[in-house]
Amino acid sequence: MSEIAEFQQLNRQTVPNHVAIIMDGNGRWANLRGKPRIFGHRAGVESVRRAVSFACEKGIRVLTLFAFSSENWRRPKDEVSGLMDLFSWALTSEVKKLHRNQVKLKVIGDRSVFSESFVKRISDAEKLTENNDGLLLNVAVNYGGRWDIINAVKRICAEMSDKGESFDADVLNEQLVSEHLEAPQDVDLLIRTGGEKRISNFLLWQLAYSEMYVSDVLWPDFNEEVFQRAVEYFASRERRFGCTGEQIRGGKR
Ligand code: IPE
Ligand code: IPE
Ligand code: MG
């Protein structure tokens, strides 16, 4: 297939293959109710369940959720430890249901700073679901887009040195870097709740040509209706990938 034909096909997709979500607004949701911020994070777990089942029903192939950024360590200690406890709890409590629904779970991000027991919980959950062929669910914890790119290059270097080769910069190309990222698939649709129009160091590389849908809805209020609106927005966009609209619509070149 020619490059333009590939872009035309991508433009015709009505259901995005890879959806990434910046799940923002938990703290404000809690504040509005006069509660501590962790209350909002806990309420957000239900929105995660809604998002995952909607993605399964719609036939979305990959869903990547931003749960904790590499910069979120800057938050107050009690919020950070509350969040870590919540991830650890949710991982164990949700994994069986995910497995029953053929979801393959992957935690992306730098896990080198996590406790041994947390790392074990993560790898047990990943192992249990690794052969599932339904939705691929990536949960980003201690994830940063810049870290992901640097880490990919480090992996490439390590593989070369394992093979006894010295580093050759000419081997670097987009495909090789993509393949070594935590989540190699390009994002088709990025959703951000909570109204902020920024990327906050999420999947920098993979977002190169994704459509962006920002909703003012706070994450604990996110539901199937908001997700559906985002998917409809995606379907209505003309994706051009640097080409002209005429090329994408199959008109004059
Ligand atoms: C997103 O909600 C969750 C995390 C970053 C862990 P926030 O906690 O950022 O909520 P707001 O933006 O303060 O409302
Ligand atoms: C982005 O939200 C990270 C997650 C949703 C996990 P933040 O609330 O941390 O983003 P900023 O700080 O407002 O950019
Ligand atoms: Mg926020």
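Which strand gives the largest share of the shell around ligand 2? That share, three residues, comes from strand β2, residues 62–69; strands are DSSP runs of E of at least two residues and helices are runs of H or I of at least four, numbered from the N terminus.

This is a predicted model, in which local features need pLDDT of at least 70 and side-chain atom pairs count only at pLDDT 80 or more, while totals for chains, interfaces and linings use all residues. Residues are numbered from 1 along each chain as its sequence is written, chains are lettered from A and ligands numbered from 1 in the order in which they are written, and side-chain values use heavy atoms, with hydrogens and water left out.

The residues around ligand 2 (a heavy atom within 4 Å of it) are I22, M23, D24, F66, A67, F68, N72, R75, R192, R198 and S200. Polar contacts are pairs of N or O atoms within 3.5 Å; within protein, one atom must be able to donate a hydrogen and the other to accept it, and residues adjacent in sequence count only if both atoms are side-chain atoms. Oxygen atoms of ligand 2 lie 2.8 Å from an N or O atom in the side chain of R198, 2.9 Å from one in the side chain of N72 and 3.3 Å from a polar side-chain atom of R192. Taken alone, ligand 2 exposes 390 Å², and the protein buries 78% of that (Shrake-Rupley method, 1.4 Å probe; for residues, only the protein chains shown count as cover).
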